[in-house]
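User: I would like to learn how to read a fold feature by feature. Please walk me through this one.

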Amino acid sequence: MTTLHFSGFPRVGAFRELKFAQEKYWRKEISEQELLDVAKDLREKNWKHQAAANADYVAVGDFTFYDHILDLQVATGAIPARFGFDSQKLTLEQYFQLARGNKDQFAIEMTKWFDTNYHYIVPEFSAGTTFRLDASRLLEQLAEAKAQGVKAKPVIIGPVTYLAIGKARDGSDRLALLDRLLPVYAELLDVLAAEGVEWVQVDEPILVTELDKAWQHAFNTAYHQLKSHRVKLLVATYFGQLQDNAYLLANLPVAGVHVDAVRGRDDVLPLVNLLPSHKVLSVGVIDGRNIWKTDLDATLDWLEPLAKKLGDRLWLAPSCSLLHVPVDLASEADEGASLDAEIRSWLAFAVQKLDELRVLARALNEGRDAVKAELDANRAALASRRRSPRVTDPAVQAAVKALDGAIASTARGASGGAGDATGSVSARQGHASAAVGVDIDRGEAAGTDGGRRPDQRLSPHAVRAKKQAALLNLPAWPTTTIGSFPQTAEIRLARREHKAGRLDDAGYEAAMKEEIARCVREQEALDLD
């Protein structure tokens with residue numbers, strides 16, 4: 001039987017209940033207990049959704065008031081010393097100050113979580129960083145899950161990724177902290193084992209990045225030290241392919257591994273061949289980062305042979321935590337929702353993705369006939385999207401068909417010969433001038449040469465490059481910025497005043513224009529090109 005499990009669920013709530021409750025708490029409009037009650041209710045709802053999908057294991061520890069990496073810093077006692085807080089007695093108010101700053105200290109830095117739009121709180125390390133376990137948050141959620149009668153699988157970020165995504169503010173070697181950090185992880189695993197936990201998912205997404213030998217060795221060091229504990233470890237990666245790290249992951253001394261089979265589909269079969277016969281392979285077959293329905297037939301086509309080969313060793317999951325998608329498509333059907341029925345039929349939010357996994361697991365365990373109605377509905381929705389003029393525009397198809405073969409011939413003509421790779425490059429680079437709103441290549445000829453098709457260039461790249469350089473007149477290494485600039489206290493004040501009705505539209509617009517002008521002046525003063 002194929003095992004079904006989940007790595008994480010959106011924590012904000014279907015109607016952003018957590019966000020609104022937090023903001024009320026920060027404005028002192030509700031008490032801490034009222035905020036805690038909202039959070040508990042959301043966790044229970046999330047577990048009910050997973051249980052309704054017949055999950056063998058639900059994710060516990062994925063909920064956070066602000067950020068799961070900040071939670072890990074608190075759990076390991078590695079909060080920045082500059083705040084002067086005791087990590088073992090941290091209040092909720094102090095927790096939020098770590099993320100948002102206070103009158104004495106700036107907030108901990110945030111940056112993007114790999115290539116997602118989620119931002120995490122960057123751990124601050126130094127040569128003197130020490131670690132001390134505080135598992136209270138995780139144990140509290142574990143107790144809640146037990147009371148609800150669901151089978152919990154705690155999900156934590158692994159020790160190597162934890163160090164890799166942090167910053168050493170004093171320039172010291174983060175890996176030198178591994179020997180201090182591992183005893184805290186070992187203690188946590190012992191605590192979870194004492195609570196009857198069978199499996200712990202340990203997320204190590206840096207395995208989809210290039211790792212030098214020191215970081216690869218760190219994985220072996222870490223998991224050889226953690227292998228003797230009574231819980232089973234499922235090391236999970238996501239957001240990409242393993243590439244050179246496939247052998248490393250397959251041979252870690254753990255009970256199972258999870259891979260992102262949406263972005264790293266090519267990893268699956270090599271891992272099947274590399275994994276020892278006692279290890280579980282979890283494949284993330286539902287995209288945890290987009291909102292479209294999965295092609296269930298196509299997914300089953302490649303999953304069924306895998307299930308036949310692996311049997312009970314095959315686990316199914318989303319590619320990654322579902323925190324990156326909205327909660328429930330049913331919210332879009334409410335009165336006043338702007339999403340029309342046709343588009344809604346093509347989508348799958350977190351709750352719907354849970355159900356897609358339920359259908360896949362049942363199809364593998366009982367055969368496709370057991371879920372015939374669900375597969376038929378999925379097939380119809382996908383066909384509807386493919387046929388819809390919102391997706392397939394006959395005019396665009398006709399235009400593309402008219403250009404068939406033109407790009408290749410243009411490339412050859414621009415380079416002066418079919419064997420010159422410069423031509424194919426120039427065909428692509430020809431669009432560069434559009435970025436500054438000027439078509440240097442075509443000029444007036446675009447309007448006078450009626451026989452020339454729009455994808456064809458009048459001159460080779462070498463000629464166009466000279467014209468571009470003369471027009472733009474940039475130095476060899478031009479400087480710029482991509483934004484965005486941070487919101488200032490003045491911007492936030494203007495928005496509050498406008499929302500409260502104390503600042504009219506004209507005054508608000510004038511305030512915003514002044515802030516824009518200030519940003520431009522700052523860049524000019526810095527002499528950006």
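Analyst: Gladly! Two strands pair if DSSP finds at least two bridges between them; helices (H or I, at least four residues) and strands (E, at least two) are DSSP runs, numbered from the N terminus. Here, strand S10 (residues 256-260) pairs with strand S11 (residues 280-286) in the parallel sense, over five bridges. Please keep in mind that this is a predicted model, where local features need pLDDT of at least 70, side-chain atom pairs count only at pLDDT 80 or more, and totals for chains, interfaces and linings use all residues. Residues are numbered from 1 along each chain as its sequence is written, and side-chain values use heavy atoms, with hydrogens and water left out.

User: Which residues of S11 stand opposite Gly256 and Val257?

Analyst: Gly256 faces Val280, while the bridge partner of Val257 is Leu281.

User: In what order do the strands of the sheet run?

Analyst: The open sheet has eight strands, in the order S1-S12-S11-S10-S9-S8-S6-S2, with parallel pairing. Strand S1 (3-4) and strand S2 (58-60) are at the edges with a single partner strand each, so one side of each has no neighbour in the sheet. Helix H7 (residues 178-194) packs on this sheet and touches strands S6 (152-157), S8 (199-203) and S9 (232-236). In terms of contact (heavy atoms within 4.5 Å), that is what touching amounts to. The direction of H7 makes about 170° with that of S6, where axes are lines fitted to C-alpha atoms, for helices over the stretch in contact, and angles run from 0 to 180 degrees between N-to-C directions.

User: Is S11 enclosed or open to the outside?

Analyst: We judge this by relative accessible area: buried means under 20%, exposed over 50%, and partly exposed in between (1.4 Å probe, protein chains only). Seven of the seven residues of S11 are buried, so the rest of the structure largely encloses this strand. Across the chain, buried residues make up 45% of the 529 residues.

User: Which residues form a nonpolar patch on the surface?

Analyst: Leu471, Leu472 and Leu474 do, with about 270 Å² of accessible area together. Leu472 belongs to helix H19 (residues 461-472) and is partly exposed, at 38% relative accessibility.

User: And how is the chain built as a whole?

Analyst: The secondary structure comes to 21 helices and 12 strands. Of the contacts with a separation of 6 or more, 74% join residues 24 or more positions apart.

Definitions and conventions. Patches are made of residues with over 30% relative accessible area and no salt bridge: like charges are joined within 9 Å, nonpolar side chains (Val, Leu, Ile, Met, Phe, Trp, Tyr) within 5 Å. Accessible areas come from the Shrake-Rupley method with a 1.4 Å probe; for residues, only the protein chains shown count as cover. A salt bridge is a side-chain nitrogen of Lys or Arg within 4 Å of a carboxyl oxygen of Asp or Glu.
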